[in-house]
Amino acid sequence: MNKIKETVVISGKGGTGKTSFTASLVPFMDNAVFADCDVDAPNLSILLEGETVEEEEFSGLQRAVHNSSLCSGCGQCLASCRFGAIKGDFSVHAPSCEGCAVCVHVCPENAMTLEDAVVGKVYESETIYGPLVHASLIPGEETSGRLVSRVRGAARELAEATGRTGILIDGPPGIGCAVISSVTGADSVCIVTEPTLSGLYDLKRVYSMVLRFNPAVFIIINKADLSEDVCRDIEDFAAENGVPVLMKIPFNKKIVQSLSNREIPSVAEADFFENLGWKKALETI
Ligand code: SF4
Ligand code: SF4
């Protein structure tokens with residue numbers, strides 16, 4: 001079986017142009033599966049406008065369920081739950097339950113049990129560029145690293161089953177467990193940043209997190225003309241750490257416009273990307 005190359009695009013925080021850059025790569029990736037692991041803001045799946053061909057429920061955790069017919073009303077569960085998840089009638093407020101099982105252990109009547117809780121769905125969609133795996137969370141549920149792992153796992157299963165040679169992932173922003181789940185074991189990681197002091201700070205944090213997993217790392221500076229000084233600081237940081245700066249993308253209103261028109265920037269503004277050395281960047285990652 002051919003090795004499947006996995007490339008993940010992340011950023012230290014949201015709103016840096018991560019999805020815009022990922023979407024711009026999509027039309028140029030031959031024989032790839034795409035995965036939207038930014039499950040809180042699944043904008044890649046919105047941009048690619050796929051048609052759902054499969055979906056599965058995702059049970060990321062277990063939660064307590066109260067059986068009122070067995071309950072004697074002793075109140076031990078209510079007194080023991082540290083998460084305030086048990087209501088006055090001893091039923092469970094599901095979004096507050098952490099599945100710690102304390103209520104199950106203290107209940108003398110076996111009226112509390114843990115059951116799998118469905119927190120979202122994982123979808124496979126067909127787009128004009130290839131298959132896309134993405135997910136949605138039930139409102140009120142939190143992003144979990146396990147859901148991101150499931151999206152990645154489904155993308156890999158699909159790539160193996162269909163003989164694809166690459167997986168391109170739009171990762172979550174930040175440095176939390178969802179990001180760690182998206183980069184663990186990836187072949188290359190593209191970090192999208194912008195030249196602001198907070199952008200540089202976030203870049204340093206996310207870079208030190210990514211280093212632990214030893215992928216090839218690239219930096220993309222979006223809105224590169226926002227501050228010459230901070231842009232230079234980012235380039236210095238990249239040079240000190242031996243990380244290639246793949247692209248410096250100046251601010252361009254037309255890119256913002258293309259996104260609001262649900263168009264892929266590298267297609268809608270092909271000349272702009274061509275002049276930035278897009279082809280060389282594509283060959284590098
Ligand atoms: S499993 Fe834990 S968090 Fe959930 S209701 Fe029971 S004690 Fe509370
Ligand atoms: S501990 Fe068990 S029996 Fe007591 S109130 Fe809670 S569910 Fe009912």
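# Chatting through a two-domain model

Biologist: How far apart are the C-alpha centres of domain 1 and domain 2?
Modeller: They lie 42 Å apart. Keep in mind that this is a predicted model.

Biologist: Okay, and which residues belong to which domain?
Modeller: Domain 1 comes in two stretches, 5-55 and 120-284. Domain 2 covers 68-110.

Biologist: What does the C-alpha trace span along its principal axes?
Modeller: About 75 × 40 × 40 Å for the protein chain.

Biologist: And how many helices and strands are there?
Modeller: You'll find 12 helices and nine strands in the chain.

Biologist: What is the mean pLDDT of the chain?
Modeller: The mean is 93, and 99% of the residues reach 70 or more.

Biologist: Let's look at the ligands. Which residues come closest to ligand 1?
Modeller: A64, C81, C97, C100 and C103 are the closest, out of 13 that surround ligand 1. Sorted by class, that shell holds 11 nonpolar residues, one polar and one charged.

Biologist: What about ligand 2, which residues come nearest there?
Modeller: Around ligand 2 there are 14 residues, and C71, C74, C77, C107 and A111 come nearest. This shell splits into eight nonpolar, five polar and one charged.

Biologist: New topic: helix 5. How many residues does it have?
Modeller: Helix 5 has 18 residues, running over 145-162. From its first C-alpha to its last it reaches 26 Å, close to the 26 Å expected at 1.5 Å a residue.

Biologist: Which of its residues are buried?
Modeller: L147, V148, R150, V151, R152, A154, A155 and A159 are. Here's a handy rule when you look at such a list: an α-helix has 3.6 residues a turn, so residues three or four places apart point the same way.

Biologist: And what covers those buried residues?
Modeller: The cover includes strand 2 (32-36), strand 3 (51-66), strand 4 (112-127), strand 5 (130-137) and strand 6 (166-173). Helix 6 (177-183) is part of the cover too.

Biologist: What happens just after helix 5?
Modeller: G163 takes a positive phi there, about 70°.

Biologist: Is F90 buried or exposed?
Modeller: F90 is buried, because 21 other C-beta atoms lie within 10 Å and the cut-off is 20 or more.

Biologist: Why does A101 count as partly exposed, then?
Modeller: Because A101 has 13 C-beta neighbours inside 10 Å, and a residue needs 12 or fewer to count as exposed and 20 or more to count as buried.

Biologist: One more: where is F237?
Modeller: F237 sits in helix 8 (residues 228-240). With 17 other C-beta atoms within 10 Å, F237 is partly exposed.

Biologist: And how far apart are F237 and K204 in space?
Modeller: From C-alpha to C-alpha they are 8.3 Å apart, though 33 residues separate them in sequence.

Biologist: What share of the whole chain is buried?
Modeller: Buried residues make up 41% of the 285 residues.

How values were computed: Residues numbered from 1 in each chain as written. Chains lettered and ligands numbered in written order. Predicted model: local features only at pLDDT ≥ 70, side-chain atom pairs only at ≥ 80, totals over all residues. Near = placed C-beta within 6 Å. Nonpolar A, V, L, I, M, F, W, Y, C, P; charged D, E, K, R; others polar. Domains from an automatic or database assignment. Helix = DSSP H or I, 4+ residues; strand = E, 2+ residues; numbered from the N terminus. Expected span 1.5 Å × (residues − 1). Contact = placed C-beta atoms within 7 Å. pLDDT = per-residue confidence, 0-100.
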